[in-house]
Each structure stands twice: as C-alpha cells, then as structure tokens.
Amino acid sequence: MNMSFLDKWRKRHRAHGSVPLAESVRADPGSVVELLSECPLLRAQATDAGVELDDSVRSLERLDQLQPVWRDDPEVLPWLGNDAGLYLGTVLVRTVPGAVWHVWPDGQPVVRLASGREVDVVAAGHDWADTGAPELSQLYAEVSET
C-alpha cells in the first residue's frame, strides 16, 4: 500500500525535527482514508464471527450484534475499541456527503462533517467496546442526520 503522506512526514521529521502528523495528513488525505480503514483487530474478530466489514451501515448493525468476547481480555479491549471507532469513521467518511477525516494537533483522528461538527469516533468506539453503548449503527444514524 502506497502511503505517500508517511514518506513526506518521515522526510520532514528527519530533516527539520518534529512535524505534526496532522500536517502530513492534509498533504495526502486519500492515503489516510486507506490507513485508518484497516482496523485489523476488528476485522479479524468480525471475520471469526462471520461478519463481513464492507464499509456499509449494515455492517455496523451486524457489529452491534456480536457477542462482546473481547471484554474478557484487558489487552485486546482498548485496541478493539480503537479499531471500532476507526471503522465507524471509515463508514461515515465513505457514506456521508462532506464527511472527512481530520486530525487534531495531538494526533487524534476525528470525523469532520460538512456542518463543521467534529465527531470523536475513537472515543465512541471505546465506549462501544467497553459497554456496547451507544451502538455503532445508532451513532451513525445520529451523526448522518446532522
């Protein structure tokens, strides 16, 4: 996978000291979408449960129905929550007109809607992984209406 924004970031980082990732993200948003959509742990859990993650709203509904076996593993839980948030963001960016990834100066990826509202999808993913609420499909419905 070609992620030219990482190459640019690395070159600038070596040459000029620290460069915020957010600056590199602006340089190549297409690669960022690819990178953030990987969600390997969530995809593995979903595949094991027979759920296909095809970046659709329906796949969010199917994720909401999974048995939360990851809650028994304190090492997996935070990573799965992160992946769930990134997957929710991926579905939003690919299906809601005007939704784009944005990275805060601290490196936190969020989804910025056409209205300017920013949704911290990673925090939402952690809530979902920890407690099951709000459901990913419910949050999608709320966000996509605004």
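Ground rules first. The model is predicted, so local features need pLDDT of at least 70 and side-chain atom pairs count only at pLDDT 80 or more, while totals for chains, interfaces and linings use all residues. Residues are numbered from 1 along each chain as its sequence is written, and side-chain values use heavy atoms, with hydrogens and water left out.

Confidence next. pLDDT is the predictor's confidence in each residue, from 0 to 100. The mean here is 86, and 82% of residues reach 70 or more. One stretch to treat separately is residues 12-19. There pLDDT stays under 50, and the model has 6 contacts beyond four places in sequence for that stretch. Contact, throughout, means heavy atoms within 4.5 Å.

Now the fold. We have 8 helices and 3 strands. Those are DSSP runs numbered from the N terminus: helices are H or I with at least four residues, strands are E with at least two. Along the sequence the order reads α-α-α-α-α-α-β-β-β-α-α. Take contacts with a separation of 6 or more: 57% of them join residues 24 or more positions apart.

Surface and burial. The accessible surface is about 7,800 Å², and carbon and sulfur atoms hold 51% of that. Areas come from the Shrake-Rupley method with a 1.4 Å probe; for residues, only the protein chains shown count as cover. Of the 146 residues, 42% are buried. Buried means under 20% relative accessible area, exposed means over 50%, and partly exposed is in between, with a 1.4 Å probe and protein chains only.

Which helix supplies the largest share of the core? First, the core itself. A nonpolar core is a set of buried Ala, Val, Leu, Ile, Met, Phe, Trp, Tyr and Cys residues joined through side-chain atoms within 4.5 Å. In soluble globular proteins, nonpolar side chains tend to be buried together. The largest core here has 37 residues, and Leu63, Leu88, Trp101 and Trp128 touch the most other members. H3 (29-36), H4, H5, H6, H7 (121-131) and H8 (136-145) each give it at least two residues. The largest share, 9 residues, is from H6.

So look at H6. This helix runs over residues 77-95, 19 residues in all, and spans 27 Å from first C-alpha to last, close to the 27 Å expected. The expected span is 1.5 Å times one less than the number of residues. H6 is mostly covered, with 14 of its 19 residues buried. Back to leucine 88: beyond four places in sequence, its contacts are Leu60, Val121, Ala124, Leu136, Leu139 and Tyr140.

Most residues other than glycine have a negative phi, and most peptide bonds are trans. We have exceptions to show.

Start with aspartate 55. Its phi is positive, about 65°, and it is not a glycine. It sits in the loop between H4 (40-48) and H5 (57-64). Is aspartate 55 buried or exposed? Buried, because its relative accessible area is 15%. Its side chain makes a polar contact with the side chain of arginine 43, at 3.5 Å. A polar contact is a pair of N or O atoms within 3.5 Å; within protein, one must be able to donate a hydrogen and the other to accept it, and residues adjacent in sequence count only if both atoms are side-chain atoms. Beyond four places in sequence, aspartate 55 touches Arg43, Tyr87, Thr90, Val91, Arg94 and Thr95.

Next, cysteine 39, in the loop between H3 and H4. Its phi is near 45°, again positive in a residue other than glycine. Cysteine 39 counts as buried because its relative accessible area is 2%.

Then the cis peptide bond. It joins alanine 133 and proline 134, with omega about -5°. Proline 134 is in the loop between H7 and H8.

Proline 97 lies in the loop between H6 and S1. It counts as exposed because its relative accessible area is 70%. Proline 97 and serine 144 are 47 residues apart in sequence, yet 8.8 Å apart C-alpha to C-alpha.

Valine 100 is in S1. At 41% relative accessibility, valine 100 is partly exposed. Beyond four places in sequence, valine 100 touches Val93, Val110, Val111 and Arg112. Histidine 102 is also in S1, residues 100-103. Its side chain joins that of arginine 112 in a polar contact of 3.1 Å.
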